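Let's take a friendly look at how two parts of one protein chain meet. Have the sequence and the 3D view ready as you read.

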Amino acid sequence: MKLPQGIRVLERGWLSCNNILLDEAGSTTLVDSGYGAHAPQTLALLDQALSGTRLGHLVNTHCHSDHIGGNAAIRRRHACRVSIPEGEAPLIDAWDEAALILSIADQRAERFDYDATISPGEILRMGGFDWQAIAAPGHDNHALMYWCADERILISGDALWENGFGVVFPHLFGDERAFVTVRTTLERIAALGARIVLPGHGRPFDTTEAALERAFTRIDSFAADPERHARHALKVMLVFALLEKRSLPVETLPGYLEQTPLYGEIDRRFLRKGSAALAEYLVHDLQRAGAVRIEGCCLVPA
Ligand SMILES: [Zn+2]
């Protein structure tokens, strides 16, 4: 797929989100900075992409660990401006590790400073194009997407991927309207008529209608069966943790689930299995799905 000149996507994996570079003579903007453990790799990729020039501006779609983990390191290296969605500012100001889903999910990010906040409706000049910030509540209620009307390109963050969208965290914390909120955001995306979507994870795609159809089907199935979403969330979180740790002794998994508050909270609210049965379920189901395998006594990402 051909992107307009000046728009580049550094496609990463699941632990780190994609980094989107918007070039403009003298002032390049980066959207999202990846996971903290990957910060050296992100800096190197950025150095290569910028071929010696300095980054001017770092913008975030939302403040989850895999999108802000490189913020501190990039700001140090490039002395760039950093802008975050306005709804995230109180969490970042207080560095609220629970609300940022860091400590409670056994995830990490280096604390960073920002220079400005972005509110929905605001227009940002990035890479020689105007991008409108659009509220994208659901996966993260403070998340923003960035919409280039001239090119009909959407930077969607975790609100829409080619195949799905990010875990609906507010639902896990008891917001019963959260699935409806996701649906509303998907409808907002559908109304844009995007030609190309640059997602937070996975490759850029131009099959927006098909992706939306899959996303609507998925959110409806979660709404019909919230336990399904809870199981999905637990699996996503565990695979994410394994990608960082690389391996975890299987026998320590029940203890790990007990120590990491979000697993227990999801289990108590939706599944009521207890840590031993939950560990057994997760190992079995993730192996069956081909997402993890057992090497010796350890669980490793496949
Ligand atoms: Zn996210």
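A salt bridge is a side-chain nitrogen of Lys or Arg within 4 Å of a carboxyl oxygen of Asp or Glu. The side chains of Lys 245 and Asp 106 form such a bridge, with 2.7 Å from N to O. This is a predicted model, in which local features need pLDDT of at least 70, side-chain atom pairs count only at pLDDT 80 or more, and totals for chains, interfaces and linings use all residues. Residues are numbered from 1 along each chain as its sequence is written, and side-chain values use heavy atoms, leaving out hydrogens and water.

**The two domains**
- The chain is assigned domain 1 (7-224) and domain 2 (227-301), with bounds from an automatic or database domain assignment.
- Taken over C-alpha atoms, the centres of domain 1 and domain 2 are 26 Å apart.
- Domain 1 gives 24 residues to the contact and domain 2 gives 19, where contact means heavy atoms within 4.5 Å.

**The buried area**
- About 1900 Å² is buried between domain 1 and domain 2, and carbon and sulfur atoms give 66% of this area.
- Buried area is the accessible area (1.4 Å probe) that two parts lose on being put together, summed over both.
- Leu 15, Leu 172 and Phe 222 supply 30% of the area that domain 1 buries against domain 2, more than any other three residues.

**Bridges across the interface**
- How many salt bridges does the rule find across the interface of domain 1 and domain 2? The rule finds two there.
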